[in-house]
Amino acid sequence: MSERNGIVRIGVYVCHCGTNIAAIVDCKAVAEYAGGLYHVTVSRDYKYLCSDPGQELIRQDIRDHKLNRIVVASCSPHLHEHTFRTAAEGAGLNAFYVHMVNIREHNSWVHENREAATKKAQDMVRAAVRRVVFHQSLEKVRVPVHPDVLVVGGGIAGIHAALTLANAGKKVYLVERQPTIGGHMAMFDKTFPTLDCAACILTPKMSSVKAHPNITLWAHSDVTKVEGYVGNYKVEVARRPRYINEDLCSGCLECIEACVYKEPKFIDEFNMGLGKRKPIYIPFPQAVPQMPLIDIDTCIQFKSGKCKKTCVQACGDRHAIDFSQKEEIRNIEVGTIIMATGFKAFDARRTPYYGYGTYPNVYTSLEVERLVNASGPTAGDVVLRDGRKPKTVGIIHCVGSRDEGTNRWCSRVCCMYSLKLAHLLKEHTDAEIFNFYIDIRTPGKGFEEFYQRLLSEGVHFIRGRVAEVTDWALDPTEENKLVLRVEDTLLGTVRRIPVDMVVLSVGIEPHEDAQDVRRLFNFGCGSEGFFLERHPKLAPVSTFTDGIFVAGCCQGPKDIPDTVAQAGAAAAEALALIDTGFVEQEPNTAYVIEDECSGCKTCVPMCPYSAVYFNADTKRAGIHQVLCKGCGTCVAACPSGSIKQHLFEDDQIFEEIEGVLTYA
Amino acid sequence: MTPEQAAKTSKGYLYFPGCSLRATGVAYEESLVELFRLLNIPLVELPDWNCCGATSYMCIDEGSAFLLSARNLSLAHTVNSRDLLAPCAACYLVLKKTQDYAAKHPKIRTQVEESLARGGLPPFDGVKVRHPLEMLYNDVGRDTLKSNVIRRWRGGRIACYYGCQAVRPYDEVDTAYNPMRMDELLQDVGAPTVDYALKTKCCGGSLTGTVHEVGVRLNYILLKEAARKGAEAIVTICPLCQFNLDAYQAEIRKATNEPIDMPILYFTQVLGYALGGDPKKLGLHRGISGRDLIKRWFPAHEEVEAYV
Amino acid sequence: MPENYEPKIVAFFCNWCTYLAADLAGTSRMKYAANTRVIRVMCSGRVDPQFVLEAFAKGADGVLIGGCHPGDCHYQEGNYKALRRYYLLKRTLREMGIEEERFRLEWISAAEGDRVRTVVNDMVQKLRALGPRKMNPAIEPELEEVAAS
Amino acid sequence: MLALIRRKMKFQREADPEWAEQISKAPGCDRVFSCIQCGTCSGTCPLSIYMDFTPRRIIALVREGFRTDALSCQTIWLCASCYSCTVHCPQNVHITDVMYSLKREAIKHKLYPSRFPIPVLAREFYEIVRRRGRNSEFWLVLRMAMKSNPLVLLTMAKTGWGLLRTGRMSLKSERITRIRELQNELADPQEVSR
């Protein structure tokens with residue numbers, strides 16, 4: 001081996017990481033052990049290797065001792081591989097002579113027995129020492145980054161990310177599933193804790209999206225195919241028909257007025273079924289794009305073909321209504337993608353003991369948002385489904401949250417929006433309001449102050465999770481009421497509280513198709529279905545797939561300020577990639593030793609990227625270096641062993657296997 | 001009954017009466033036997049069965065509690081039948097829980113199997129514990145029951161009361177939150193049921209005998225709410241529920257001055273009567289409360305003829 | 001069986017799911033047995049059957065391969081390739097007298113730190129019960145040979 | 001006046017954390033430490049309104065190891081084992097099983113409230129079944145009443161009459177045939193070997 005690689009001089013560095021590693025692994029013993037291994041020239045343990053002096057120590061050793069291989073035993077390579085490679089480069093050593101051993105995440109943090117942990121660290125270091133002998137100098141691969149960006153989801157997160165990027169001069173495609181952008185925020189009345197009107201702050205941003213020359217907005221559309229990799233994604237978008245020609249429609253909405261249905265008759269999705277709409281409709285007055293769409297399930301023309309088509313007459317010579325419109329497929333190329341697909345509100349029918357769907361006066365919080373909204377179905381008049389005005393209201397927190405039977409997590413916004421709804425209901429009805437909570441969580445700016453304000457407004461706060469909502473009455477004061485049975489845990493006694501209206505503060509959960517979506521884009525997802533960030537602290541908007549970022553509730557429950565901050569961060573991450581102009585890829589590509597290739601073609605179908613090809617002239621396989629993503633599947637499949645992989649050479653792995661098993 | 005169903009049910013069911021069905025709940029046994037006779041389904045009593053241990057044994061010693069019910073499962077195993085019917089909610093739950101906990105805690109299983117071996121009994125796997133409500137709903141089926149109805153319902157509205165241990169914590173008999181199977185079966189024979197929010201609230205169990213006032217109060221609430229919802233009778237699936245609701249109505253009338261006098265029936269009595277069973281054989285004469293109403297709703301066959 | 005017998009497990013974890021899951025187990029401070037030695041590969045599809053044979057030949061008591069769940073592979077379908085090889089290899093190992101429990105393929109996503117713990121603990125427990133690896137003596141040189149080729 | 005004022009303070013020396021651990025090891029009790037004190041158990045319990053401590057507070061007492069309070073209270077004896085708490089608990093704490101294990105502890109250490117009929121009933125039931133293999137409701141009630149409060153019999157007489165009249169009271173004491181074997185099975189393994 002010395003002939004092939006010259007004289008090998010290895011430096012081994014064992015990091016204490018303060019006490020993170022040193023408390024369990026005897027770092028000194030590991031370093032001493034490594035010092036005795038063949039080829040090891042220098043071996044040290046050090047408090048914090050990732051610190052400036054730590055890196056300088058390595059650089060100095062490279063210069064002083066002419067080291068040409070570096071083994072760093074510290075944390076996960078996902079965290080600091082880049083750091084130590086850069087350090088080695090600083091002393092003139094090729095970055096790929098560095099190898100990391102993970103003795104923190106895979107060792108000191110998961111083991112308790114000092115002896116066993118130290119032994120394990122020694123085994124791993126020994127394997128690494130044997131491995132690096134076979135390392136070679138490699139060139140980094142640079143690929144250009146396409147400057148356009150795809151933003152998926154047009155809620156407040158997608159809107160903010162798209163505007164940020166567009167303002168920076170980047171071309172943005174904003175794809176939204178619903179007929180309008182705005183997301184859940186457009187449904188809200190006021191926002192906590194400041195009580196600014198949600199529409200007043202959101203709709204100007206929505207209009208800017210439509211007006212911005214750099215943004216292409218495709219509402220009522222789905223992403224159907226994603227191919228490629230960071231810097232070079234090829235995306236297919238299906239634009240579902242609205243049956244309105246976008247280029248011809250002026251947004252006058254006269255067609256809706258003219259519809260043969262004189263009165264709205266069908267369930268209005270935007271108003272949570274509390275209002276009605278016509279077959280041709282616009283979700284809400286400030287919807288963007290400002291144009292109607294036709295619901296083919298209720299439109300007479302679609303159902304029977306025998307409508308008078310008064311809408312077409314109203315549209316006149318603009319001819320914007322097109323019953324024959326078909327789905328359109330658009331193909332775009334982008335360099336980066338921002339996922340801002342939002343959340344699904346918990347379905348209150350899954351908690352049958354709260355009577356949603358059984359008792360008409362049980363509402364979900366989203367329904368109440370529409371009910372108190374001046375532009376809602378009742379113009380802000382809080383009238384119950386049975387026509388009464390509530391004199392007492394019970395607001396139940398944590399519905400579909402903190403519950404092993406439904407969702408285990410805290411939905412983070414329910415406390416604050418419950419307080420907000422309590423305030424608004426009080427304002428609108430002057431009703432007596434009871435909040436039922438398990439814990440009040442107000443850890444945001446101005447949140448605790450808002451809680452204090454509600455306390456002073458005379459709203460009741462009862463600490464206890466309501467056990468049931470029923471209509472059975474024990475005495476006349478409970479007749480025709482909904483009765484909540486709950487333990488007031490602060491009093492230590494059970495109470496029965498009759499109310500006119502129950503509000504269920506439903507939690508946040510991932511969309512039902514979240515798993516399909518992230519498979520389409522090929523990035524990770526937690527077991528509960530929220531998109532997985534690359535690192536919970538240090539890479540909160542990145543995913544494990546380079547070039548794809550996440551923002552807003554698709555990553556986990558959060559409120560509007562946090563969502564907007566994340567959207568900005570995701571946009572900035574995308575910008576950083578675009579403005580660099582290229583990405584450096586791990587040179588872990590596969591390659592063929594042509595002389596050894598037998599031309600059996602086993603490898604060709606292995607490659608999902610069509611990087612492996614068969615050269616008919618030479619009767620040998622070959623690999624397009626640009627297309628190869630470095631999975632190594634073809635390498636493992638090659639019967640003659642003629643396909644190799646940089647950074648994961650067979651030699652290197654065999655040495656590692658032998659290294660962890662051999663007792664030196 | 002379709003041939004498939006006949007094949008499924010022809011092997012018959014093993015039957016675990018439990019202590020209550022031999023005493024206060026004798027009408028439950030009578031009506032169950034009669035109903036199965038009318039449906040032509042063999043019912044075989046588990047030979048030499050013993051008390052399931054109920055709630056009391058678990059309060060003293062969990063080892064003996066699991067053993068008592070395991071002995072029955074083991075006996076059933078020797079008879080080589082797969083389904084063991086336990087009409088009493090407490091028996092049903094205790095038998096099921098024993099199987100569940102033995103599966104989850106190997107220690108319990110070993111301990112129980114060692115004890116059984118001392119009495120020369122085999123292990124207790126493989127027996128499926130069933131409740132008649134769920135068995136009638138699933139195995140016999142609503143259509144078969146409906147097609148066998150020969151008497152029209154002449155009674156008033158009823159409240160279906162499922163009680164606690166049949167539907168909790170195991171949900172095979174029906175869901176814990178809003179069970180509907182008994183409602184559906186009774187509607188099938190023509191009996192209108194009311195929306196009864198208390199259908200799974202506890203009757204107090206043995207509390208009527210121990211902390212008497214508390215137990216009776218629970219039953220008062222159940223009776224009152226049923227009446228408020230317009231029910232004239234309550235139908236149960238558990239002998240203890242039936243007893244508690246039935247036996248203390250006179251006392252409740254005296255204490256509250258409210259004219260509560262409501263028949264408390266077993267669902268097997270209502271179904272059995274609809275299928276042509278004899279009121280006496282169904283134990284319908286054994287009710288303590290609402291006796292006049294029972295007589296009016298369930299006349300003997302000859303009276304029906306005369307009435308028609 | 002030696003008194004303090006501790007089985008040694010060579011684990012091949014894919015870079016995108018199982019390696020990250022093991023990182024997550026670390027950041028979450030989940031405790032598990034210290035018997036595994038993790039070798040990182042980009043994809044479970046990179047695990048050459050020779051790696052597994054080499055590990056057994058060099059004295060491993062068990063080999064664990066961790067990859068992304070079916071449908072979740074970072075490289076689209078490398079894990080399916082790994083699965084196919086796994087079945088094939090398992091049969092070969094059986095013929096060599098290596099017990100089934102000693103060779104495992106597990107799908108562990110980046111979010112399933114807890115699963116790393118349970119899988120490793122479970123495997124260690126089973127291998128402890130099995131004791132040190134005994135092999136069909138006629139096969140041992142053959143295994144060496146295959147690994148060396 | 002002063003006699004009415006009682007000190008209410010818990011000293012840490014009264015807590016027995018090992019006992020809490022031990023309870024959490026009983027079948028079905030493994031999740032007591034996951035309780036978030038939301039009170040759903042008490043809210044859904046039909047009997048919590050009569051209890052000296054609500055079920056939620058019992059869980060709190062157990063977790064903190066306040067053994068005497070948890071074992072000498074009335075709560076555990078008022079629990080009718082209806083499992084409402086168990087199915088409603090958002091943290092899957094099997095509260096009914098916790099109550100059972102506390103009842104066993106209380107009987108074992110004779111810590112239950114005196115002249116409280118429920119533990120007496122349990123004991124008598126235990127004895128009858130041990131001797132005969134089956135329970136007899138008539139004899140059970142009779143024996144319980146004799147041992148707790150004979151006056152109860154007077155209030156029960158009326159109910160008894162109703163039962164007798166409708167043929168629902170059996171004075172016959174049921175007995176299984178293979179009672180010897182059952183007793184042998186029920187015996188403590190140590191006793192058997194002795």
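This is a predicted model: local features need pLDDT of at least 70, side-chain atom pairs count only at pLDDT 80 or more; totals for chains, interfaces and linings use all residues.
**Which chains touch**

Four pairs of chains touch, and chains B and D make the most contacts among these 4 pairs. Some pairs stay apart. The table lists two of them.

| Pair without contact | Distance between closest C-alpha atoms |
|---|---|
| chain B and chain C | 17 Å |
| chain C and chain D | 18 Å |

**The contact of chain D and chain B**

How many residues does each chain bring to this contact? Chain D gives 56 residues, and chain B gives 61 residues. Together the two chains bury about 5,400 Å² between them. Of this area, 62% lies on carbon and sulfur atoms. In chain D, three residues lose the most area to chain B: D:Arg104, D:Arg168 and D:Glu185. Together they account for 15% of what the chain D side buries.

Charged side chains also meet here. The count between chain D and chain B is 5 salt bridges. One salt bridge joins the side chains of D:Asp97 and B:Lys97, at 2.5 Å from N to O.

Which elements of chain D face chain B? Those that give two or more residues are helix 5 (75–78), helix 6 (84–88), helix 7 (95–108), helix 8 (117–132), helix 9 (137–148), helix 10 (152–165), helix 11 (179–186) and helix 12 (189–193). Helix 8 of chain D supplies the largest share, 9 residues. By class, the chain D side that touches chain B holds 29 nonpolar, 14 polar and 13 charged residues.

**Chain B as a whole**

Chain B has 16 helices and 7 strands. Its radius of gyration is 19 Å, close to the 19 Å that the globule rule gives for 308 residues, so chain B is as compact as a globular protein of that length. Along its principal axes, the C-alpha trace of chain B spans about 60 × 50 × 30 Å.

Now to chain A. Strand 25 (residues 482–488) and strand 26 (residues 493–499) of chain A pair in the antiparallel sense, over 7 bridges. A:Arg485 has its bridge partner in strand 26 of chain A: A:Arg496.

Key:
Residues are numbered from 1 along each chain as its sequence is written. Chains are lettered from A and ligands numbered from 1 in the order in which they are written. Side-chain values use heavy atoms; hydrogens and water are left out. Contact means heavy atoms within 4.5 Å. Buried area is the accessible area (1.4 Å probe) that two parts lose on being put together, summed over both. A salt bridge is a side-chain nitrogen of Lys or Arg within 4 Å of a carboxyl oxygen of Asp or Glu. Helices (H or I, at least four residues) and strands (E, at least two) are DSSP runs, numbered from the N terminus. Ala, Val, Leu, Ile, Met, Phe, Trp, Tyr, Cys and Pro count as nonpolar, Asp, Glu, Lys and Arg as charged, and the others, Gly among them, as polar. Two strands pair if DSSP finds at least two bridges between them. The radius of gyration is taken over C-alpha atoms; the globule rule is 2.2 Å times the number of residues to the power 0.38.
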